[in-house]
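Dear colleague,

Please find the structure below, handed over for your own work. My findings follow it.

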Amino acid sequence: MASISSLGEASIAIFSSIIFILCFHLFKKPHNKGFLRNWPVLGMLPGLLMEFHRIYDFSVENLEASNLTFAFKGPWYFGMDMLFTVDQENIRHIMNSHSSNYTKGPDFKEVFDVLGDGILTADSKLWKSLRKASKAMVDHQRFQKLSMSTTRRKLNDGLVPLFNKIAEEETVVDLQDLFGRFMFDTTLMTVSGCDDPRSLSIDMSEVDEFAKALNNIGEGIMYRLVNPKFLWKLQRRIGFGQEKKLSKADATLNQISRCNQVRALEPERNDDKFLRDTMLAFILAGRDTNASALTWFFWLLSENPQVVANIRQEINTNLPRITTGGGGPERPSYDVSMEFLNKLVYLHGSLYEAMRLYPPVPFERLSPVKQDKLPSGHEVDPSMKVLIFVYALGRMKAIWGDDALKFKPERWVSMTGGLVEVPSSKFFSFNAGPRACLGKKLAMTQMKTVVVEILQNYDVQVVEGQKIEPAPGPILRMKHGLRAAEDMLTSSGYPAGQLGVPCRTARGTLPDSSGHPVGQLGASRRTARVPEPTLLWVPEPTLLRVPEPTLLWVPEPTLLRVPEAFPHEEAS
Ligand code: HEM
């Protein structure tokens, strides 16, 4: 009896102690200045999971409140301790002066095992040799020429016909999906020398197996990053859930075709597996990053029409016009050779600004090889990970000023009209130090070429009211995509509804030269269809912003659109 009662007392004592510890931790102020409470046994994981649905915003708030560095404590014995930092001194220390102590590490390789031995996951000797060979390839003039001609060909054969169709049929497209397909086709053609897989075409058929496998890899890797190792390893063993998808994707990627460019990289390692890993690394490096950057960029443009106007003006001023069309309707076209693209400083700054706020690779995760002390005073050791939170870095007021959250391309343009130089420890979107992105220049040229083509021919109308938020993942994708419609522009290079000088607005029917109405401006859709080349008589200062009654030549089928800046206002 005595032993039972003492057992009971002991249980009560243990139970009370647990309650006491929990209450103590629940009500005491967290010892770090952030928001995550450090629980016994579970560490900060419960808090992190509660915030996971808004992990990006949460990290910005947390790092701002923690003086730019935050130590995350994972559950005991799970090896999930991490140091989050956006401190520039720490970044320089990790990426430059002490970079040999910070590697991707064996854990990274395990999580990203489907990528095999490609440059993105390699460390030490293998990485050095891949880096040297890849750099030689990316810097080679012929590779750059091939990349540019492939981009232009895909624009002409894939994107332009599709945009025209969307404009004609007044339908809506998911720009994120579209840019993903565009980059998939161009990257695969450039890297592998394959024929155009035509995942972006006028019929937008189901994406091919290979593209689907790449998408599943992204999801699978994210799942592994946020779940305890034993869980995803167990799932892998029994072939369940995300792990099942990952192993199917892995099998699909094994069928990637051989190609000469990659074969040349490492002549002594000419096996299929090595070629697959190398090609895969390049496709992943170039496809999702560019597609993500372009998607966020066009969304930001839709929120900032003045930036669109500035970019169009810069293009018109700096790029020589060339005539295309080959007997068909002429469409505005520009010489987009490197020499002229380099003059587009404001566009360059706008793309950087979009990638500052929405970096395609939102975090960099590294493992310390040996114990180390960072300039901020935080200690790190091999049992933990260091995470440079790139998304938060671009939004820190302490680093970018009070207007850090504002999309402001002007911050990249110097007084003399050049590009403002910013150290990579501050603008980290292309990584820094010995592992900095090899394709930065190429990516900027590709993106500028795409933007010039789109902005000079189309008025991208982002569907209003859709929810825009980033999805957690190794690449910053929009969770629900980006739905948009395309209105064509006239060959003048200006939106049809914005010709001439601003003037009063009017609603009414637009008759063509013979007096037949062609459309109703100011109606609910605020557009008028001009189905064929037409001479329009505009009888009074109207929504077209013509200063007086005028004849207007609309050289190709188009939609006239009421500019947003001129709301429903009757002509007097
Ligand atoms: C907007 C476009 C791009 C962005 C934002 C970007 C960003 C990055 C980042 C952050 C890394 C470091 C990844 C890591 O170590 O975790 C990286 C590495 C790399 N990128 Fe890019 N990238 C872009 C486009 C490209 C393109 C088009 C290419 C192809 C030519 C490319 C080739 C590479 C390669 C080969 C590496 C590996 C470098 C190494 O580990 O030594 N990137 N990129």
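Strand E3 (residues 102-103) pairs with E7 in the antiparallel sense over two bridges; strands (E, at least two residues) and helices (H or I, at least four residues) are DSSP runs, numbered from the N terminus, and two strands pair if DSSP finds at least two bridges between them. This is a predicted model, in which local features need pLDDT of at least 70 and side-chain atom pairs count only at pLDDT 80 or more, while totals for chains, interfaces and linings use all residues. Residues are numbered from 1 along each chain as its sequence is written.

Strand E2 (residues 82-85) is joined to E10 by four bridges, but here the strands run parallel.

Together these strands belong to an open sheet of five with the order E1-E2-E10-E7-E3 and mixed pairing. Its edge strands are E1 (69-72) and E3, each of which pairs on one side only. A residue is buried if 20 or more other C-beta atoms lie within 10 Å of its own, exposed if 12 or fewer, and partly exposed in between, with C-beta atoms placed from the backbone.

Turning to the ligand, 24 residues surround it, and the closest are Gly 286, Thr 289, Cys 437, Gly 439 and Ala 443. H13 provides the largest share, six residues. By class, the shell has 14 nonpolar, seven polar and three charged residues; Ala, Val, Leu, Ile, Met, Phe, Trp, Tyr, Cys and Pro count as nonpolar, Asp, Glu, Lys and Arg as charged, and the others, Gly among them, as polar.

Helix H14 (residues 305-318) has 14 residues and reaches 20 Å from its first C-alpha to its last, close to the 20 Å expected at 1.5 Å a residue; the expected span is 1.5 Å times one less than the number of residues. Val 307, Ile 311 and Ile 315 are its buried residues. Seen down the axis of H14, they fall within an arc of 75°, so they line one face of the helix; the arc is that of the directions from the helix axis to the C-beta atoms. Gln 306, Gln 313 and Thr 317, on the other side of H14, are exposed.

Two backbone angles may also interest you. Most residues other than glycine have a negative phi. Glu 170, however, has a positive phi of about 55°; this residue is found in the loop between helix H7 (141-169) and strand E4 (173-174). Glu 170 counts as partly exposed because 13 C-beta neighbours lie inside 10 Å. Asn 431, in the loop between helix H18 (397-400) and H19, likewise has a positive phi, near 65°. With 18 C-beta neighbours inside 10 Å, Asn 431 counts as partly exposed.

Yours sincerely

Conventions:
A residue is near a molecule or strand if its C-beta atom, placed from the backbone, lies within 6 Å of it.
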